[in-house]
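Me: I'm new to this one and would like to go through a few parts of it with you. Can we start once it's on screen?
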Amino acid sequence: MAARHEVLVIGGGNAGISLAARLRRYKVEDIGLVEPRTTHYFQPLFSHIGAGAARMSEAVRDQAKVMPRGVEWIRGSVADILPGENAVVLADGSRVGYGQLVVCPGLQLDWDGVPGLAEAMASPDVTSNYDPAMPGKTWALVRSLRYGTAVFTQPPGPAKCAGAAQKIAYMACDYWREQDVLRDIRVVLVVPTPTVFGVEGVDAVLDAKVAEYGIELRTGTILAGVDSARRTVSLAGPAGTEELAFDLLHVVPPQSAPDWLKSTALPAAGDGGGFVEVDPELLRHRRYPNVWSLGDAAATLNSKCGGALRKQVKVLAKNLKAVLAGREPQQRYNHYGVCPFTLTRHTVLFAEFDHQYRPMPTFPWLDPAKERRWAWVLDRRIFPQIYWHLILKGRA
């Protein structure tokens, strides 16, 4: 085996970079990080970009510039993991050995998971802020629409920051209201859940915003098909299948763990999503004690989001540090999740909750179910700077 690292990290997104940086601060010397991409994105800004409230240049950096010092960047793709041999197989056939392995490659976007969706993404009226190439397209469509029907869909199952499907809908409506054209636009919001989101208190605020904008809310409903030539979507809901014509369609595709990960020994038997089987609090694999996972590819119980990941990084880094020192891991992740709902292009509602969607506010004395201007400043202006200068440095 040509290469081996004391700690090998798979994935150079938020999870992998911030964890590697924190481990370096903990004096872990031998870290390798596998990542094929040369561009790093701060994805939470994509919703703001799609609403004309941010620029793509604020959300992108060269991967080389965010790589922690002292970490070996292995520029390749993973093809397989052999936990019995403590080895990772790369796409070029080479192997990298490890003492401890951290798996955090994120999610893949399953554009083929909805009939007609993959083909529709190339059409002029369909967009998704989940594709880094498309937030600019989203803003162009929002800016040019003056009448017609706009449809926004949220997928069932695990998705990274699933609430982003709603963020762009609310901000688009706010823009159309500013332009005095909202009354001429039919807006349909499709969510798979029984209520608009599912967190006590938060639902009431979102329902009020839906009513304020005149949005038609379809709960318990999913996108079942897209016909881009006819500009129609099929929606499957409690009353059956509905066909709806659109002039603007914003979709969030179904998501799962990467296909290569699904075929390894790391997911639990029967896990069709292919997520790494971990103790959801220790973040350690249930069958392979020197394998760990966090972020979107881990089979944790929380909502998949950056706020959850930040807490997971701290837990996993401390647990891994303990194991490297010959001690048992003691830190436990508390299933925290958060979704900052951009309800206008100037206000945000921070929804904080646990894995059972019970409110979990950071500041219990502050009413969490309220949209605030300062929360928008925090989400739009301050968090991106925290991300680039603190989180990716292992300091937040």
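Me: What span should the 12 residues of helix 1 have, and how far apart are its end C-alpha atoms?
Reply: Bearing in mind that this is a predicted model, helix 1 covers residues 14-25 and, at 1.5 Å a residue, should span 16 Å; its end C-alpha atoms lie 17 Å apart, which agrees with that expectation.

Me: How many of the 12 residues in helix 1 are buried?
Reply: 9 of the 12 are buried, so helix 1 is largely enclosed by the rest of the structure. Among them are Ala15, Gly16, Ile17 and Arg22.

Me: Switching topic, where is His335 found?
Reply: His335 sits in the loop that runs between helix 9 (306-324) and strand 20 (337-342).

Me: Buried or exposed, that His335?
Reply: His335 counts as buried, because its relative accessibility is 7% and the cut-off for buried is under 20%.

Me: Which side chain does its side chain make a polar contact with?
Reply: The side chain of His335 makes a polar contact with that of Glu281, at 3.2 Å. Leaving aside neighbours within four places in sequence, the residues in contact with His335 include Pro280, Leu301, Phe353 and His355.

Conventions: Residues are numbered from 1 along each chain as its sequence is written. This is a predicted model: local features need pLDDT of at least 70, side-chain atom pairs count only at pLDDT 80 or more; totals for chains, interfaces and linings use all residues. Side-chain values use heavy atoms; hydrogens and water are left out. Helices (H or I, at least four residues) and strands (E, at least two) are DSSP runs, numbered from the N terminus. The expected span of a helix is 1.5 Å times one less than its number of residues. Buried means under 20% relative accessible area, exposed over 50%, partly exposed in between (1.4 Å probe, protein chains only). A polar contact is a pair of N or O atoms within 3.5 Å; within protein, one must be able to donate a hydrogen and the other to accept it, and residues adjacent in sequence count only if both atoms are side-chain atoms. Contact means heavy atoms within 4.5 Å.
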